[in-house]
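Subject: Structure for you to look at

Hello,

Here is the structure I said I would pass on. Please open it first, then read the notes below.

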Amino acid sequence: MSHRLQFTAKKLVRMALLLLGVSLTAFLLMNASPLDPLQTNVGQAALGSMSPEQIAKLEEYWGADTPAAERYLSWLGSALRGDLGVSLLYRRPVLEVIGQRLSTSLWLLACAWVLSGALGLGLGLLAGANRGRWPDRLVRGCCLTVSSTPAFWLGLLLLIVFAVWLKILPIGMAVPIGGGQATLLERLRHALLPGLTLSITGAANIALHTREKVVDVLDSDYILFARARGERHILRRHVLRNVALPAVTLQFASIGELIGGSVLVEQVFSYPGLGQAAVSAGLGSDMPLLLGITVVTAALVFGGSLTADLLYGAIDPRIRKGAAAQ
Amino acid sequence: MKNRRQSTLLLLLLAGGALCAVMLAGALQPDAAADFSQKNLPPCLAHPFGTDWLGRDMLGRTLAGLSLSIRLGLLTSAVSAAAALALGTASAALGGWVDSAISWLIDLVMGVPHILLIMLISLACGRGFWGVTLGVALSHWPALARVLRGEALQLRQAPYLQMARRMGVPWGRVLTGHIVPHLLPQLWAGLILQFPHAILHEASVTFLGFGLPPEEPAIGVILSESMAYLTTGRWWLALFPGLTLAATVSLFALAGERLRLLLAPASAQE
């Protein structure tokens, strides 16, 4: 057990260092931005009519006059104490904004994650097992098409078909307009189209990779031997087990792309989630919020890969024994 | 199709031809002029893709946008493939702390979703053309770099390279004579496979408002403008530009996939 703990501790330290790197990189990039927060948010005309005192006050609010190193260190200091600052656009604590937005996005992300994983694995197995025949061609053709379309365009198409033509699903937002307290059913109805868009794009990628793995495994010597012995249920007994490891990697690695996709999809469907907050923070030069979102997103991605690393041992006895032997 | 090599060649030629045709069409045709007598026309013979709310021909705008996207895609995927090759081989050849640092960097860049990273880099450059170009170029190398590093690390252990080292061949010669040629197929395929990604991300970031300015006829700009007109039923504004983009991208994805199969020794003879 001690080696498991040691392994986890090592990974956690690495993750913390990576998070530090992400926050520093994001901060430096935002700091390098030539866009003046005053110009973007207040506007040239309004600035022209302001007194110098007012401008100085605004500059202080947007933090335009403090040196960069001091700003980063003070941010880091409070971040370690669990305070990510105050969003300049929403005028509320960043953590509060992120928490609220994430809880809206989380349903979307979780559904899409599970759905795309299951769909991708299933289609990948189907295609790989029927290599060269029509199921393979069909699955590969569809997946290639989907992965060459931008996620937001796919969202637009679904929007045109289901919301504008057929009028069976709402055109956007997470709850009905002016709806007050929305029921679960209504929330689901609003999450259906964005969730579907995200799942389709995610599943295509996973299916294509799974297919490659399945083909690799089916070409291996042990499958040939198993066939020669006249074994049946090769797919379930051999292929599925050997594909499990890369499938887990793919599934957890897809978190990053899923969040990236949600930025686009939420923008198309005006879904008030984390991705939309990231876009408005970026366009409005809201540095604390954008920094917070970047760090939280990176933490989710690193957390995913950590989980995958820990799961390897549970899935593959060779890795478990190898780690124990060391 | 006779055999896979011929069909791949045909596909590559087709992709190259489409590339040149679109680039030429985009460069040669005059700017789509606004003509208010022709506005909001659904697709017809004179305007196969319809016209927009200013009466501009959507076919012309799409071609111009695609041409810009293709040029951007070529530039960015070439830059990121070169970066991936340099970092991947350096990591494998030098080992030690260089390897750790590069692996850390790869993990770092892969930890932030592409879109978010491109947004950040684009902000750092003040948005616009250079923002999106640098953003896409600097965010796409890690996946390929990781593949190349893994390949090169494996190669280092290969008996013939061990032998070369023992016989006193300097590292530089091993690198240029053995390792890099071995990685080239992966690199070419990676380059072509990165191209569609680059175009898609460029369009996506432009769509979000961090990329090219609205007066440029980029595909992302066209699609994000079309969003405002969707509810009034002008489907052609979004459908045709998107379809052309998807067709171009999938042509390249397909060509890259075929090339990868053909260049990899294990699957070349199938």
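At what angle do helix α2 (residues 58-94) of chain B and helix α9 (residues 219-227) of chain B pack? The angle is about 135°, and their axes are 8 Å apart. Axes here are lines fitted to C-alpha atoms, for helices over the stretch in contact, and angles run from 0 to 180 degrees between N-to-C directions. Angles under 35 degrees count as roughly parallel, over 145 as roughly antiparallel, 65 to 115 as roughly perpendicular and the rest as oblique, so α2(B) and α9(B) are oblique to each other.

This is a predicted model, in which local features need pLDDT of at least 70 and side-chain atom pairs count only at pLDDT 80 or more, while totals for chains, interfaces and linings use all residues. Residues are numbered from 1 along each chain as its sequence is written, chains are lettered from A and ligands numbered from 1 in the order in which they are written, and side-chain values use heavy atoms, with hydrogens and water left out.

Back to the two helices. From α2(B), the residues B:M58, B:R61, B:T62, B:G65, B:L66 and B:S69 meet B:I219, B:I222 and B:E225 of α9(B); contact means heavy atoms within 4.5 Å.

Chain A has 14 helices and zero strands. Helices (H or I, at least four residues) and strands (E, at least two) are DSSP runs, numbered from the N terminus. Of the 326 residues in chain A, 44% are buried, meaning under 20% relative accessible area, with exposed over 50% and partly exposed in between (1.4 Å probe, protein chains only).

Is A:T297 buried or exposed? A:T297 is buried, because its relative accessible area is 1%. Leaving aside neighbours within four places in sequence, A:T297 is in contact with A:I259, A:L274, B:P113 and B:L116.

A:T297 also lines the largest cavity, as do A:I259, A:V263, A:L274, A:G275, A:A278, A:I293, B:P113 and B:L116. A cavity is a set of points on a 1 Å grid over the protein atoms alone where a 1.4 Å probe fits but cannot get out, and lining residues have an atom within 4 Å of a point. The largest cavity holds about 50 Å³ of space, a volume being the space filled by probe spheres set on the points. α12(A) gives the most to this lining, with three residues.

Regards

Technical notes
On a 1 Å grid over the protein atoms alone, a cavity is a set of points where a 1.4 Å probe fits but cannot get out, and a pocket is an open set with protein on both sides within 12 Å along at least five of seven lines; lining residues have an atom within 4 Å of a point.
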